[in-house]
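Subject: Structure handover

Hello,

Here is the structure I said I would pass on. My notes on it follow below.

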Amino acid sequence: MKLSQFRFRLPEERLALEPPHKVFKNDDGTEEKVYRRDECRMMVVHRKSQTIDMFEKDAEGNDTDRFIQFRSIIDYFDEGDVMVLNDTKVFPARLFGTKEKTDAKIEVFLLRELNEELRLWDVLVEPARKIRIGNKLFFEDDGPMVAEVIDNTTSRGRTLRFLYDCPHDEFKEELFALGTAPLPRYIIDKREATPDDMENFQTIYAKNEGAVTAPASGLHFSRELMKRLEIKGVNFSFITVHCGLGAFDSIEVEDLTKHKMSSEQIIIHDDACRVVNAAKENGHHICAVGVSTMRATESAVGTDGLLKEYEGWTNRFIFPPYEFGLADRMVANFYHSESTMLMATAAFGGYDLIMEAYQKAIEHEYNFGCYGDAMLILDD
C-alpha cells in the first residue's frame with residue numbers, strides 16, 4: 001500500500017491535550033480536575049459484518065443518543081477470554097537544562113541507559129545544532145547534576161555521560177526527579193507537562209521501567225474496570241514492550257514496503273504464554289491491547305498459532321495486507337494521519353472499514369491521540 005492512502009485531515013481541536021476529566025469548583029473558588037480514564041468514548045468496529053457502533057442501545061436494540069464509553073468494554077468479553085497488556089513503565093524522560101558558558105536553554109530527552117557504571121545515556125537534544133561533543137550541560141542552578149556530551153549518534157542524537165558520583169539507585173532517583181512526563185510533542189507544543197501527567201501518562205498496571213512513551217491504548221483501563229473484568233472471569237496476560245519514539249517517526253517513502261521501523265525491546269515470559277495459549281486452545285478470544293502489544297505478539301507467535309517466550313527486539317512493521325497469527329480482537333486509539341499505528345490498525349480491522357471509522361470519528365468529534373478516545377475491533 002501507499003503512504004498517501006493513510007492521509008486524512010484532522011482538525012487541530014480533535015487532538016486531546018488531557019485525559020477525560022471533570023472539573024469541580026472548591027469552596028475557595030479554586031478548580032480541581034478529577035480524571036476518569038475509562039470514561040472516554042469507545043467506537044466498536046465489527047470486521048466481519050463490516051459494521052460500526054458508536055451509540056449505546058435501548059431495550060429494543062435501537063441506538064440512543066449516548067456514546068458508548070470505554071468502561072462498557074466489559075460487555076464484549078466473557079469468562080475465559082484474555083486481554084494481552086503491555087506492562088512497561090514510562091519514566092520521566094524529558095529534562096530541561098542549560099549549556100555551559102552560554103546558558104542557552106536546552107532540552108534533553110532520555111532514550112535509554114547504555115552503561116550503569118559509567119552513567120552513559122542515549123538521548124535526543126534540542127536545539128541539536130548547538131550541542132557538540134565536549135559540551136557540558138547543567139540541569140540545576142546549584143545542583144550536582146551535570147552531563148558531558150561524548151558522542152554524536154544521529155542529527156539529534158547524542159551520548160551523554162552524567163558526572164554524578166553516588167550509588168546508581170540514588171543517581172537514577174535524582175535524575176528522574178528532574179524530569180517531566182515525556183508527553184508527545186503535539187501536546188508539549190500546546191501546554192507544559194504537569195505533575196498529574198506523570199500519573200495520567202502511565203497505565204495503572206505499569207510495572208517494568210523502560211518506556212519513553214506510554215502504551216496509549218492501555219491508558220483507558222481504570223482499577224475499577226480491571227477489577228470488574230477480573231470478577232467476570234476475563235484473564236490478563238502481561239508482556240513487556242518498552243515503547244520508543246519509532247512509532248512517531250515520519251514515513252519518508254510512498255511505498256510502505258521500503259519503510260524501516262525502529263526497534264523496540266520485548267520481554268514475554270512463560271506465564272504470559274500459558275495464559276494466552278490455554279485460552280486459545282479452549283476457543284476463547286485473545287485481545288491485543290494496543291499496537292505495541294500487537295507488534296510484540298506477532299513477533300513471538302509460532303506457526304502453530306501459539307505464543308512463545310521471547311526476549312529481544314522487534315522492528316516489525318504491520319500494514320495492510322497482513323495475516324495475523326494470534327489475537328482475534330484489538331483495542332486501539334485514534335491515531336494521526338500517515339502514522340504506523342493507523343496502518344497496523346487498518347491491517348487488523350481492514351483498510352476500508354477502519355478509514356470509514358476514522359471519518360465517522362472526525363464527523364462525531366471523537367478525540368485523537370494518546371489521551372483521546374478508543375476503538376475496539378471485534379472479529380464478528
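This is a predicted model, and the disulfide count for it comes to 0. Cysteine 40 is in no disulfide, as its nearest cysteine sulfur belongs to cysteine 370 and is 12 Å away, whereas a disulfide would need the two sulfur atoms within 2.5 Å. Cysteine 40 has a relative accessible area of 2%, so it counts as buried. Cysteine 273 has 4% and is therefore buried.

Salt bridges

The count of salt bridges is 21.

Aspartate 379 pairs with arginine 47, with 2.8 Å between the closest N and O atoms. Aspartate 379 is partly exposed, at 25% relative accessibility.

Glutamate 56 and arginine 66 form a salt bridge at 2.9 Å, N to O. Glutamate 56 is in strand S5 (residues 55-57) and arginine 66 in strand S6 (residues 63-67), so the parts joined are 10 residues apart in sequence. Glutamate 56 is partly exposed, with a relative accessible area of 25%, and arginine 66 is also partly exposed, at 43%.

Arginine 274 and aspartate 270 form a salt bridge in which the closest N and O atoms are 2.8 Å apart. Both belong to helix H5 (residues 270-281), and because they are 4 residues apart there, about one helical turn separates them. Arginine 274 counts as exposed at 51% relative accessibility, while aspartate 270 counts as partly exposed at 34%.

The network of salt bridges links Arg94, Glu107, Arg185 and Asp189.

Surface and burial

Glu116, Glu140, Asp169, Glu170, Glu173 and Glu174 form a negative surface patch. One of these residues, aspartate 169, is found in helix H1 (residues 168-178). Aspartate 169 has 65% relative accessibility and so counts as exposed.

Helix H6 (residues 291-300) is mostly covered, with 10 of its 10 residues buried. Among the buried residues of H6 are the charged-type residues Arg295 and Glu298, and the buried list also includes Val291, Met294 and Ala296.

Regards

How values were computed:
Residues numbered from 1 in each chain as written. Predicted model: local features only at pLDDT ≥ 70, side-chain atom pairs only at ≥ 80, totals over all residues. Heavy atoms only, no water. Patch = residues over 30% accessible without salt bridge, like charges linked within 9 Å, V, L, I, M, F, W, Y side chains within 5 Å. Areas by Shrake-Rupley, 256 points an atom, 1.4 Å probe, with all protein chains shown as cover. Salt bridge = Lys/Arg side-chain N within 4 Å of Asp/Glu carboxyl O. Charge placed at Lys NZ, Arg CZ, Asp CG, Glu CD. Helix = DSSP H or I, 4+ residues; strand = E, 2+ residues; numbered from the N terminus. Buried < 20%, exposed > 50% of the residue type's maximum accessible area, 1.4 Å probe, protein only.
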